[in-house]
Amino acid sequence: MDYGLILIRYGELALKSDKVRSRFERKLVKNISASIDGEITRTRGRIFIEPKNFDYALEKLDKIFGIVSYSPVKKTETDKEKIKETLTEYTKHLIDEGILNENKTFGIRCRRVGNHDFTSQEMAAYCGSVVIDTIPLKVDLTNPDVEIFVEVRENNTYIFHEKIDGPGGLPLGSQGKVICLISSGIDSPVATYLMMKRGCEVIALHFDNNPYTTPQCKANFNDLIDVLEEYASGVPIKRYAIPYGHYLQECKSKGPEKMTCVLCKSGMYKTAEKLAKKLGALAIVDGSSVGQVASQTLKNILATRYGVGVPILSPLIGMDKLETSKIAEEIGTFEISKRDDGGCKAVPKYPETYAELDRLEEAKKAVCQDEELNNAIKNIERIK
C-alpha cells in the first residue's frame, strides 16, 4: 500500500509549557529534516512527514531522539463516506498482507481532536461496521488480535494499524553542549549515547596515550563516533583528540607509581574542563560505574573530580557491565569496542584504590599537572 504519510509522536515534549514545547518541536522538526527529504508539518501533539523516500524515512526515524513512536498512515477527509472508502481499502490491504483473516479478532481505537458532530465512540462503532462489511470478524475491544487506529484531527482523518517505537528522549541539541570523554572501550560510547538521548549536543574528546596505547585505540574511537553519528541527525558530533602520552609519562616517572591511573583520570577531567570553557560546553560526561575499575572506587571518584569547575555526569554510574554491554549491542558499538586495542601499558601492577586528597594534590604538583596539561591542549587536534 502506498501510505505516503508518516505520523510522528513525541512524549515528554507535551509536558512542557507552550513556549518550551514549541521550541522543542521546532528543534525536532529541524533534526528530522536534516536526515529526511520531504514535506514536514506539525500540529499540537503530532508531526507529519510526507517523505520522498518512504522506506528510507522509516529507517532514519528509528534513530532520531525525541520521537516516541511513529506510524505509516492513510490520510482522508473527515467525512463519513471518505472515511468508509479509505478504511475499506485499508482493510483489504490488511487482508492481502495476511494481517487480517476470519480467524482473528479486531478492535477500533478512535481518537478525536477538534469539534465534530459525532463522538469518538460513535466514530469507532461506524468504522467497526465498515470493517465487518469488508470481512466478517469478531470484535474484541479488550485484547484484539489486530488494532486499527482512526485518528480524527479537525478536517483530516488518519488510519493506521502500526505503532513503531522510536528512541524516545529529547530532541538532540535542545539541552546544550557536553564534552564526552570517549575511549575505545564499551562504556564511554554508551554513556555518550544516553546523553544524546537526553538532548545534549556532543563534543567527543579522545586521549591519545601513545606510546602506552596502540594506534588502534584512536581508530576505534573514530569508528565508534561514526556509529554514534547515525543518531546525531541535525547536530553533528565534533571530534577532538589530544596527545596525552607525555603527561602520562610524567605521571609514571615523577609521581607515585600506584597513583598513575588516578593522576591520569584527574588530568582528563581538568583537560575536559579547559575545552568545555573554550567551546561553551556545560558539563563533562564519562563512562564511570562505581567500583568497576581502580579509578572508579567512590574514594577515587571524589579525588579525581576534586577542583573541577564544571559538572561531571556519569549516566552509567549504577549500571553493571552486562547492562552496559546490552545497550552497546543495541546501538551498534559493541563489536567495535570488543576489538583488541592492546590495552594501556601505563597501568601499574597495584593501582591506588583509596586516594587521599592531600596525597593526590602532592602528586599533581610533582608531575607539574597544570603545566603539562596546558602544553598538551595546545596540540589538540580537531578531527574532521
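Guide: A residue is buried when its relative accessible area is under 20%, exposed when that area is over 50%, and partly exposed in between. Keep in mind that this is a predicted model.

Start with Lys364. Its relative accessibility is 11%, so Lys364 counts as buried. Yet the side chain of Lys364 meets that of Glu361 in a salt bridge, 3.0 Å from N to O. Glu361 has a relative accessibility of 27%, so it counts as partly exposed. Both residues belong to helix α12, which covers residues 357-366. They sit 3 residues apart, about one turn of the helix. Salt bridges can also share partners: Arg46, Glu151 and Arg153 are joined into one network that way.

Follow Arg46 for a moment. Thr43 stands opposite Arg46, which is in β3. Strand β3 spans residues 46-51, and strand β2 spans residues 38-43. The two strands run antiparallel, and 6 bridges join them. Together β2 and β3 make a hairpin, with 2 residues between them. Gly45 lies in that turn, and its phi is positive, at about 90°.

Now back to the pairs. The salt bridge count comes to 23. Take Lys63 and Glu230: they form a salt bridge, and their closest N and O atoms are 2.4 Å apart. Lys63 is in the loop between α2 (54-61) and β4 (69-77). Glu230 is in the loop between α6 (215-229) and β12 (238-243). The two residues are 167 residues apart. Neither is buried: Lys63 is partly exposed at 23% relative accessibility, and Glu230 is partly exposed at 35%.

Lys218 forms a salt bridge with Glu381, and here the closest N and O atoms are 2.7 Å apart. Lys218 lies in helix α6, while Glu381 lies in strand β15 (residues 381-383). The pair spans distant parts of the chain, 163 residues apart. Lys218 has a relative accessible area of 23%, so it is partly exposed. Glu381 is partly exposed too, with 34%.

Ser120 is in helix α4, which covers residues 120-134. At 19% relative accessibility, Ser120 counts as buried, because the limit is under 20%. Setting aside neighbours within four places in sequence, Ser120 is in contact with Cys110, Arg111 and Arg112.

Then look at the surface. Ile132, Val139 and Leu141 form a nonpolar patch there. Together they have about 260 Å² of accessible area. Leu141 is in the loop between β6 (138-139) and β7 (146-153). Its relative accessible area is 55%, so Leu141 is exposed.

Finish at helix α8. It has 20 residues, 260-279. At 1.5 Å a residue, α8 should span 28 Å. Its end C-alpha atoms are 28 Å apart, so the two values agree. This helix is mostly covered: 16 of its 20 residues are buried.

Conventions:
Residues numbered from 1 in each chain as written. Predicted model: local features only at pLDDT ≥ 70, side-chain atom pairs only at ≥ 80, totals over all residues. Heavy atoms only, no water. Helix = DSSP H or I, 4+ residues; strand = E, 2+ residues; numbered from the N terminus. Buried < 20%, exposed > 50% of the residue type's maximum accessible area, 1.4 Å probe, protein only. Contact = heavy atoms within 4.5 Å. Patch = residues over 30% accessible without salt bridge, like charges linked within 9 Å, V, L, I, M, F, W, Y side chains within 5 Å. Areas by Shrake-Rupley, 256 points an atom, 1.4 Å probe, with all protein chains shown as cover. Salt bridge = Lys/Arg side-chain N within 4 Å of Asp/Glu carboxyl O. Pairing = 2+ DSSP bridges. Expected span 1.5 Å × (residues − 1).
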